[in-house]
Amino acid sequence: MNCISPGPSLALVLMSLHGTSCFETLAALRPLFQHIDRHQNEFVQRLGEWVAVPSDSSQPALWGEVEKVLRMAEDRITAMGGKVEFADVGSHQLPSGESIKRPPIILACFEKDPKKPTVCIYGHVDVQPAKKEDGWAAEPFTLTELNGNLYGRGTTDNKGPVLAWLHAIETYQATKQEVPVNIKLIVEGLEETGSDGLEELIRNRKDTFFSDVDYIVISDNVWLSRRPALTYGTRGSTYFFVEVEGPKIDLHSGVFGGCVQEPMSDLTALLGDLLDHTGNILVPGINDSVTPLTEEERKLYTDLQFDVEEMKQEIGVQRFLQDTKEAVLMAQWRYPSLSIHGIEGAFSLPGSKTVIPRRVIGKFSIRQVPKMEPAVVEKQVTEHLHQMFAQRNSPNKLKVSTTVRAKAWVADLKDPQYIAGQKAIKAVFGVEPELIREGSTIPIAHSFQELTGKSVMMLPIGGHDDGEHSQNEKISRYNFIEGTKVFAAYFYELSLLKQSPETN
Ligand SMILES: CC(C)C[C@H](NC(=O)CN)C(=O)O
């Protein structure tokens, strides 16, 4: 499995790409890779310490835990000689009206050599909620190693990759090799709830922190198959709350059932008006700005190693809404989708309470693709819901609000940063990466590109079956450790890129 030594064909590729011989590359990388192999238990132990902190950002009550992991990251960065600023990103207003401070964002840098290119690494240390009762085989906040996999909330999304970056820097220092690029880091604690405050921070620091940055790299996603990948696109997201409010108290359904217009009936009807049984979004105009598929784009999908049958088995479904691999991937990456996530206020415990809830909030989100504007999506959906509600002639009150509002991101594949990513992957795994897109959202990717004008690339190290956001989230020890090598090799390959895209 471990492909540290590249074969003869890689030697030729490396020589032809930037004139550095395979032997020089190997000589530079071998001590780093050996160090990473020897210290892997330490690296895994650190991941365990980070996973043990329940930094679930969906609950403001746990933002102290988010800050705790940010402090752990600070300790690692300062131990390596980096400078850390905790940037204040303002406050958040709770539904009660109370205002609480958002977790700060780490802006870090290391000593700068003006001759070297500068890369800014982005990652997050907050996680999705997790409870053992949700169906986890072991405690989600206790790192559990089984059959080569490291299970625990945040192992792949995104504590593992953030630590792998820090371990790659540490490896250069420990082996007394100069880090070949200047490094900056942005580590946040609110990614899972939409990165509130980060966009404004980028805007404010565009001409200071970002002014000397050449490349921005993100490792917050996973491969598509067993083959390593580079990611060139993510979907955006707008998250909706649909509130229906009726009586002033919850009611007995035996007494009032039949004479009261129930908020829950209004809400379920509205949610039913969003999608048809084929997954088609029923909101008028929603597909208007989806770009038509070109023949050239269609071809990109045919070579991808995505095993539809295996994926169906992994997630336990009999069939997908689409029939072919290409159509499934397009549905995930290049078309919008709508998912209904939950209903707040509805009776959800086991047993049979005969209640009519007085107020319920439906929650759903729309994944947007390039050219779809969150503000337009918000307007289209809000108008549709109000129209459907008006047809019901209900005496209840309807309120629609949104959060997240993140745009989709697509990179230019001619960006030379992709050559560095490709060569780093080849140096570690001995294969070319697949070029993939992602159905999920890294809210800040588009803002990085738009506001700073810098090159942005995604270099995932997580496996296709890591189960981000799901029960039993994991990263394999193999991916965690080989991924650390990929990051170390990426610094090296980045330093060899000529600065002008034409010359690469
Ligand atoms: C805005 C969302 C909550 C962001 C979230 N991002 C990731 O999972 C990235 N690994 C998503 O649901 O896509």
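This is a predicted model: local features need pLDDT of at least 70, side-chain atom pairs count only at pLDDT 80 or more; totals for chains, interfaces and linings use all residues.
Residues are numbered from 1 along each chain as its sequence is written, and side-chain values use heavy atoms, without hydrogens or water. Local features need pLDDT of at least 70, side-chain atom pairs count only at pLDDT 80 or more, and totals for chains, interfaces and linings use all residues.

**Stop 1: two helices.** Select α2 (residues 22–38) and α5 (residues 159–174), which pack at an angle of about 115° with axes 9 Å apart. Helices here are DSSP runs of H or I with at least four residues, and strands are E runs of at least two, numbered from the N terminus. Now show Leu-32, His-35 and Ile-36 in α2, which meet Thr-171, Tyr-172 and Ala-174 in α5; contact means heavy atoms within 4.5 Å.

**Stop 2: a helix with two sides.** Move to α6 (residues 198–205), where Leu-198, Leu-201 and Ile-202 are buried (under 20% relative accessible area, with exposed over 50% and partly exposed in between; 1.4 Å probe, protein chains only). Seen down the axis of α6, these buried residues fall within an arc of 100°, so they line one face. Turned away from that side are the exposed Glu-200 and Asn-204.

**Stop 3: the largest core.** Select Phe-448; the residues touching Phe-448 include Tyr-122, Ile-186 and Ile-202. Phe-448 is also one of the residues with the most contacts inside the largest nonpolar core, which has 106 residues. Such a core joins buried Ala, Val, Leu, Ile, Met, Phe, Trp, Tyr and Cys residues through side-chain atoms within 4.5 Å.

Note on methods
Axes are lines fitted to C-alpha atoms, for helices over the stretch in contact, and angles run from 0 to 180 degrees between N-to-C directions. The arc is that of the directions from the helix axis to the C-beta atoms. Lists of a residue's contacts leave out its neighbours within four places in sequence.
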